[in-house]
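Please open the structure in your viewer and keep the selection tool at hand. The stops below take you from aromatic rings to charges and then to a sheet.

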Amino acid sequence: MRGIFAYLPLVTTTLIGVVPMALNAQVVPIDNPNPAFEIQPSAQAVDQMVTVEPKAPLSLADALKQAENYTPIKNMLATRQQIREAELLQSGLRINPELSVSSLGLKSNQQEQSFAVNQRLDVFGVRSAKQQLAQARLDTESVQQSQYQARLKLMVMAAYRQVAIAEQRLDLAHQQQLLSQQSVLVTKRRFEAGRIAEVELTRMQISQLQADSEAKNAQNALNIARQNLSRYWGNPSPAFTKTSSPSAWPAINRAELTQRLADNPSQQLAKRAVIESDAQLKLAESQAYGMPTVSVGMRRVADPTAQTYSQVTVGLSVPIPIFSRNQGAVAAARSGQLLAKQQLQMTRLQREQTLSRLIAQADNQSERYQSILNQQLPQARTVQKKMLLGFEEGKFGVLEVQQSQRDLLQLEQSAQTALTEGWQTALQIEAVLSGLALDADPASPVLPDTLNTSLLNEGMADAASLSGATP
């Protein structure tokens with residue numbers, strides 16, 4: 001017997017980005033009397049897995065658009081929506097009637113036969129409560145998908161900033177290379193003139209080798225960061241040339257903070273949880289007394305001493321709630337309702353406090369960055385140039401020139417660190433406004449396969465729970 005599955009293409013990546021598992025395939029029947037299938041990859045599906053960005057500077061808006069339009073992500077979100085819609089359909093189905101048939105006696109002239117149609121009656125609104133709960137979960141799914149999109153946006157922003165930071169590191173390494181080359185040329189001229197010892201020239205050459213090594217490391221880090229970003233839209237070989245405005249300080253729109261905080265997905269999910277808990281309580285209360293059953297049928301009696309006759313039968317069966325009235329489920333639903341309301345209040349308070357702290361932190365970081373950029377760096381560059389000119393004229397030694405270069409490099413690195421911290425704080429503010437976890441570090445988000453595997457597993461769990469549901 002041939003195998004049911006030939007192969008299943010599975011695409012996963014690692015980094016701080018989002019690349020889902022691609023499960024698109026063609027189903028081809030095989031020669032088998034049993035209903036088996038062989039799965040083969042679809043060329044169209046493979047083409048959908050890769051999106052190539054333009055060969056031009058890449059803006060953050062373009063990167064977000066590329067990631068949001070990535071086909072496998074859209075397909076999984078649409079499937080999750082379909083699961084919730086199917087659950088809503090299932091909740092609205094009415095209970096099927098039952099047919100019962102019985103026969104009493106073996107002799108044909110001494111038989112009693114009967115049949116009846118039994119129907120449970122939803123007199124306490126169980127079906128309506130199930131529909132309300134399913135509709136609440138469908139509405140919650142829309143909010144959860146909004147939160148997923150917000151999480152995707154934050155992760156793309158973090159990956160984009162990693163590329164920008166790597167570009168700055170490479171630019172800084174090139175600047176250091178240039179300074180080292182200039183210093184080596186000046187030192188060579190002084191050595192050839194017999195004004196310094198060979199050991200001084202060797203020191204400068206060692207500094208140049210260190211600068212060359214840093215430039216190579218910076219280039220490798222940039223290549224990795226570029227691949228991490230482009231894999232968010234399924235492209236392992238990035239085509240964009242560079243990022244736009246890599247050295248820009250993050251802008252925070254303070255006018256929108258209050259409104260975005262009130263409307264963020266986390267707050268909306270907390271509100272949806274209250275609505276779901278209300279629907280869950282109503283369902284538990286409607287199931288407290290069970291459903292009565294009405295039966296309508298016919299009874300046929302064959303008596304050896306009399307004529308055969310038939311009778312219409314009507315019956316009613318009512319559960320007696322002596323022991324169980326769904327007390328545990330009702331109590332749990334009420335506790336869940338109270339918990340949902342408490343979480344709603346706590347979520348808003350925590351995010352307001354966190355946002356206030358992050359805004360104050362961003363102001364301090366901005367002041368520090370502007371001080372380094374506008375005051376300290378210009379002075380350090382001026383000192384380094386004068387030290388190099390003085391060294392060429394014999395006024396300063398090699399150690400003094402190297403120290404001026406180290407001071408300049410240290411300030412350049414401090415400016416880069418301050419900018420990195422500023423963007424990290426901006427990402428944390430975006431995480432709060434987007435309703436994401438307060439303890440998460442946006443600069444080090446989860447791996448893409450982890451995020452999308454979680455998304456897929458949630459959908460599969462929903463499908464499993466739906467397949468076991470009964471009307």
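A residue is called buried if its relative accessible area is under 20%, exposed if it is over 50%, and partly exposed in between, with a 1.4 Å probe and protein chains only. Before selecting anything, note that this is a predicted model, in which local features need pLDDT of at least 70, side-chain atom pairs count only at pLDDT 80 or more, and totals for chains, interfaces and linings use all residues. Residues are numbered from 1 along each chain as its sequence is written, and side-chain values use heavy atoms, with hydrogens and water left out.

**Aromatic pairs**

Rings of Phe, Tyr and Trp (its six-membered ring) pair if their centres lie within 6.5 Å, and planes under 30 degrees apart count as stacked, over 60 as edge-to-face and the rest as tilted. By this rule there are 2 aromatic pairs. Select F124 and Y289, a tilted pair with 5.8 Å from centre to centre and 40° between the planes. This pair links distant parts of the chain, 165 residues apart, with F124 in the loop between β4 (112-120) and α4 (126-192) and Y289 in the loop between α7 (265-286) and β5 (293-301); here helices (H or I, at least four residues) and strands (E, at least two) are DSSP runs, numbered from the N terminus. F124 counts as partly exposed because its relative accessibility is 42%, and Y289 is partly exposed as well, at 41%.

Next, select W249 and Y369, which form a stacked pair with 5.0 Å between the centres and 20° between the planes. W249 lies in the loop between α5 (198-230) and α6 (257-263), while Y369 belongs to helix α8 (residues 327-392), 120 residues apart. Is Y369 buried or exposed? Y369 counts as buried, because its relative accessibility is 6%, whereas W249 is partly exposed at 22%.

**Charges over rings**

A charge sits over a ring if NZ of Lys or CZ of Arg is within 6 Å of the ring centre and within 35 degrees of the ring normal. Select R190 with F391, where the charged end of R190 sits over the ring at 4.8 Å from its centre, and then R226, which lies over the face of F240 at 4.3 Å from the ring centre.

**The sheet**

Two strands pair if DSSP finds at least two bridges between them. Finally, select the 4 strands of the open sheet, which follow the order β3-β4-β5-β6 with antiparallel pairing. The edges are β3 (98-104) and β6 (309-317), and each has a single partner strand, so one side of each is left without a neighbour in the sheet. Between β3 and β4 there are 7 bridges in the antiparallel sense, and the bridge partner of S100 is A116 in β4.
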